[in-house]
Amino acid sequence: MSDHVLTSIDKGVLTITLNRPDKKNALTEAMYAALGDGLQRAAETPSIRAVLITANGDAFTAGNDLGDFAAAGNRPVDDGSVERPVARFLRLIATAEKPIIAAVNGLAVGVGVTMLLHCDLVYAGESATFQMPFVNLGLIPEAGSTLLLPRMIGVQKAGELFLTGKKIGAAKAEQLGLVADVFPDAELQERARGIAQEIAAKAPTAIKLTKQLLRGGANHAEVAARMAEEGAHFGAQLRSAEVKEAISAFFEKRQPDFSKFG
């Protein structure tokens, strides 16, 4: 496990904690690998009955580390023979049979939101915010979110979040159905952990089958196909002039100029 991803087990719950608070828990390839390892461990360990994903500091995650992004955009095109850490993590969270609970503290950006669509229960602190600014970076959404989010909140609401990249607060996220409940920030971790432990104590087969039925509207093959389609476009955009402009603008602390594209 990376030092930037911590794990612990208590009362049947594997807690996976993002631990890069100085960088708003921005995700690197090493962190994706560690997240995947945690989910794999949960899948293979009978005594682990539920997973809780949370974070240290004042952010859940600021999304992908843009330094890693810039490096990825300069790599040779992947031939697909080796599953990259981010793809493995997304596959494992999308196909997990055991319940996954998320406790969202502070900002959740990009994949910090789209990963939540694969969690069975999402709880937010009252100061949490949610944003998917993919198009602002010249990118497209990932994690099967273009399939799952419209089904969850409707095409109009999903389109508004995706196409504008707007930020919403915890109360709005609850209203839309992105989160199950909102707790005071100081109570979030304890409340979410308590719910995870409560679920972990219930009949495991009944929990597994209930999760399976709840998510039956989007089967694994359908989600995997959408992830692959998104991934192909995402990879192409990652190497595009649009993304190079967006990343340059970010590091130069200016607004990107997309007027020369299209």
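Residues are numbered from 1 along each chain as its sequence is written. Because the model is predicted, local features need pLDDT of at least 70 and side-chain atom pairs count only at pLDDT 80 or more, whereas totals for chains, interfaces and linings use all residues, and side-chain values use heavy atoms, with hydrogens and water left out.

A further set of pairings involves strand β3 (residues 50-55), which is largely enclosed by the rest of the structure, since six of its six residues are buried (buried means under 20% relative accessible area, exposed over 50%, and partly exposed in between, with a 1.4 Å probe and protein chains only). Both faces of β3 are covered, with Ala50, Leu52 and Thr54 buried on one side and Val51, Ile53 and Ala55 buried on the other. Strand β2 (residues 13-18) pairs with β3 in the parallel sense over six bridges, and Thr17 stands opposite Thr54 of β3. Between these two strands the chain passes through helix α1 (residues 29-44), and the resulting β-α-β crossover is right-handed, that is, with the strands pointing away from the viewer, the path from the first strand over the helix to the second runs clockwise. Strand β5 (residues 100-104) also pairs with β3 in the parallel sense, over three bridges, and Ile100 in β5 is the bridge partner of Val51.

The largest nonpolar core has 59 residues, and those with the most contacts inside it are Leu116, Phe130 and Leu149; such a core is a set of buried Ala, Val, Leu, Ile, Met, Phe, Trp, Tyr and Cys residues joined through side-chain atoms within 4.5 Å. Helix α1 supplies the largest share of this core, six residues. Leaving aside neighbours within four places in sequence, the contacts of Phe130 (heavy atoms within 4.5 Å) include Val104, Ala108, Leu116, Ile168 and Val179. Apart from this core lies another, of 13 residues, among them Val13, Ala103, Ala196 and Ile199.

Among the helices, α5 (residues 145-153) contains Ser145, which is buried, with a relative accessible area of 0%. Not counting residues up to four places away in sequence, Ser145 touches Thr114, Leu117, Pro150, Phe162 and Glu230. In helix α11 (residues 241-251), the buried residues are Val243, Glu245, Ala246, Ile247 and Ala249, and just after this helix Lys253 takes a positive phi of about 55°.

The structure holds 14 salt bridges, each defined by a side-chain nitrogen of Lys or Arg within 4 Å of a carboxyl oxygen of Asp or Glu. One of them joins the side chains of Glu222 and Arg151 (2.7 Å, N to O), a pair that links distant parts of the chain, Glu222 lying in helix α10 (residues 220-238) and Arg151 in helix α5, 71 residues apart. Both residues are partly exposed, Glu222 with a relative accessible area of 29% and Arg151 at 46% relative accessibility. Arg191 and Glu187 likewise meet through their side chains in a salt bridge (2.8 Å, N to O), with Arg191 partly exposed at 38% relative accessibility and Glu187 partly exposed at 35%. In the salt bridge between Glu252 and Arg254 the closest N and O atoms are 2.6 Å apart, and Arg254 is partly exposed, with a relative accessible area of 35%. Asp120, Lys211 and Arg215 are linked in a network of salt bridges.

Notes: Helix = DSSP H or I, 4+ residues; strand = E, 2+ residues; numbered from the N terminus. Pairing = 2+ DSSP bridges.
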